[in-house]
Amino acid sequence: MSNSIPTQSTKEKERILVVDDERGIRQGCRRILQSEGFEVETAENGNEGLAKAKESPYDLILIDLMMPGMGGLELLHHIRELDPEIIALVITGYATVETAVEAMKQGAYDYIPKPFTPDQLMAVLNRGLETRRLRFERQQLLEERDRKLLEVANEKSQTRTIVGCMADGVLVVNREGQLVLWNPAALAQLNLKNTTETGKPLSHYIQNDDLQKLIDYALSPEGSGYTMISQEIAIGHDGKKVLMADAAAVKEDMGETLGAVAVLRDISELIEIDRVKSQFVSMVAHELRTPLAAIEGYIDTCLACAAGDDPETHRKMQQRAKERAHSLLDLVNDLLTVSKIEAGKIAKKKEPLAARELITRSVELLKEEAARKKISVDVKIPERFPDMVGDRNDLERVLINLLANALKYNSEGGRVTVTVSADDDFVATSVEDNGFGIPPEDVPRIFDEFFRVEDEKRRYITGTGLGLSIVKKTVESHFGRIEVKSELGKGSTFTIFIPKWRPDDSTKRG
Ligand code: ADP
């Protein structure tokens, strides 16, 4: 039997066991107690009483101290071993008051001397049962408190775990503005060292006026009226890292401010994307304006007959307008290609491609241009060479772009050489020229949209500045990469690395 008090409802009938060898006492007690609404069992000796107590639990036991066989004290001992919380009342004659005292020392709750009236019995018994009920309630309260404490502890650790796992930074301060909770994301965002120390003002951990002001405002009577206050906060001296901080007062049910919480999100990348996008839009507008303005100029001149009546002059102007319109079309086409690549809309085939075939076709397309500038184009490909994997049209466009640049940024009589090599994973195709080369400071920027090297030699060479950016994006969309080596005045080598074809690529067509 458990040591705790049975968790029975006090509304249930309380159970009483009367153990007395005197039949009259047993019957008298049964009658009185039943009329009071108790459930009563009787036993005429210690052994029978003990057996009944073992069978089912009782709230109270009345024990006659003077019984033949197992005496009352011995029974009390056994009964209390079974259930230490049971209320035991001993019934005793005048002659055995000392034994009654002894019984109480051994855990009996009270004693009642014989003979007793029903009222006397009920007075002692009710006191005993009341004590038991109070003990029972107290025990329940203690258990409830323990359970609540455990719940609070569990909730606290759950909250810590959840806050700890959040990708957004979290800072919590109490109403005095002292830091009481933070998570690792907040430490990383604010460039703080890992610390376990809490309870100091926020300024002890980080000196950031904007963050401090935001939290102070959230704590203030004025600011705590808002559901949330949001502000961008620059971190560090260069201001490159920007956090979006959402702060709010933490309030208890009655509306009193207990502290404030700030949730931090790193928006540096979004700001950078935004900047690049608007820069791109303004560059596009700028690039479109020049040829459009020129075309408009030619048309205006023709319309105003400012060029006189000479049909040849008119034809030349129309020819120039057409050339500008053509370069405008090139630009728009390049822009469309860029946006398609970025949106991932170019449907790619995954097919085995022989370097020889791709390169020969691309060189063939530029044959006339090479001949016009008297530039020799050599292609060096070993007899047996592994295929690469990719989209034929895409990779042909890449090679044409690189070859066209090698011819465009080259002097008459120059030289272009195309070579291939392969390692375990990639097929590398290099386009080498001995042309103008690229100034070292410009090399890192040549893959940027609209970037063009500007120097005396290239002054009259037209272009959009989008070719190499398209090349790079295309190569990367094939899981490849591009490298460049260049020396001003000596020449450049562009090398693209495209994954090798493997037989199981055919099962992953996409
Ligand atoms: P575009 O040729 O339309 O200007 P690209 O993106 O193809 O644009 O090239 C960017 C810049 O890189 C060019 O303006 C050119 O100055 C330089 N460049 C590209 N390829 C070569 C090359 N093979 N040799 C020298 N300069 C090159």
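## Phe280 and the ring pairs

Phe280 counts as partly exposed, since its relative accessibility is 21%; the bands here are buried under 20% relative accessible area, exposed over 50% and partly exposed in between, using a 1.4 Å probe and protein chains only. This is a predicted model, so local features need pLDDT of at least 70 and side-chain atom pairs count only at pLDDT 80 or more, while totals for chains, interfaces and linings use all residues. Residues are numbered from 1 along each chain as its sequence is written, and side-chain values use heavy atoms, with hydrogens and water left out.

Back to the rings: a pair is described by the distance of the centres and the angle of the planes. Rings of Phe, Tyr and Trp (its six-membered ring) pair if their centres lie within 6.5 Å, and planes under 30 degrees apart are stacked, over 60 edge-to-face, and the rest tilted. That rule gives four aromatic pairs. One of them is Tyr217 with Tyr226, a tilted pair at 6.3 Å centre to centre with 35° between the planes. Tyr217 is partly exposed at 27% relative accessibility, and Tyr226 is partly exposed too, at 47%.

Phe280 pairs with Phe450: the ring centres are 5.5 Å apart and the planes sit at 40°, so this pair is tilted. Phe280 lies in helix α9 and Phe450 in the loop between β15 (426-433) and α14 (467-477), so the pair ties together parts 170 residues apart in sequence. Helices (H or I, at least four residues) and strands (E, at least two) are DSSP runs, numbered from the N terminus. Phe450 has a relative accessibility of 8% and counts as buried.

## How α9 packs on α10

Helix α9 (residues 268-303) packs against helix α10 (residues 311-342) at about 160°, with the axes 9 Å apart. Axes are lines fitted to C-alpha atoms, for helices over the stretch in contact, and angles run from 0 to 180 degrees between N-to-C directions. The two helices are therefore roughly antiparallel; the cut-offs are under 35 degrees for roughly parallel, over 145 for roughly antiparallel, 65 to 115 for roughly perpendicular, and oblique for the rest. The crossing of α9 and α10 is left-handed, which means the near helix is turned anticlockwise from the far one by less than a right angle (clockwise would be right-handed).

On the α9 side, the contact (heavy atoms within 4.5 Å) includes Phe280, Val284, Leu288 and Tyr298. Among the α10 residues in the contact are Met317, Arg320, Leu328 and Leu335. By class, the contact of α9 with α10 has 16 nonpolar, three polar and three charged residues. Here Ala, Val, Leu, Ile, Met, Phe, Trp, Tyr, Cys and Pro are nonpolar, Asp, Glu, Lys and Arg charged, and the others, Gly among them, polar.

Most residues other than glycine have a negative phi, and most peptide bonds are trans. Lys114 and Pro115 are joined by a cis peptide bond with omega about -10°, and Pro115 is in the loop between β5 (110-113) and α5 (118-165).

Asn191 has a positive phi, near 55°; Asn191 sits in the loop between α6 (184-189) and α7 (202-205) and is exposed at 53%. Lys374 also has a positive phi, about 55°, without being a glycine. Lys374 is in the loop between α12 (367-372) and β12 (376-380), exposed at 57%.

## Lys490

Lys490 is in the loop between β16 (481-487) and β17 (491-499) and is exposed at 56% relative accessible area. Leaving aside neighbours within four places in sequence, Lys490 is in contact with Asp433, Asn434, Gly435 and Phe436.
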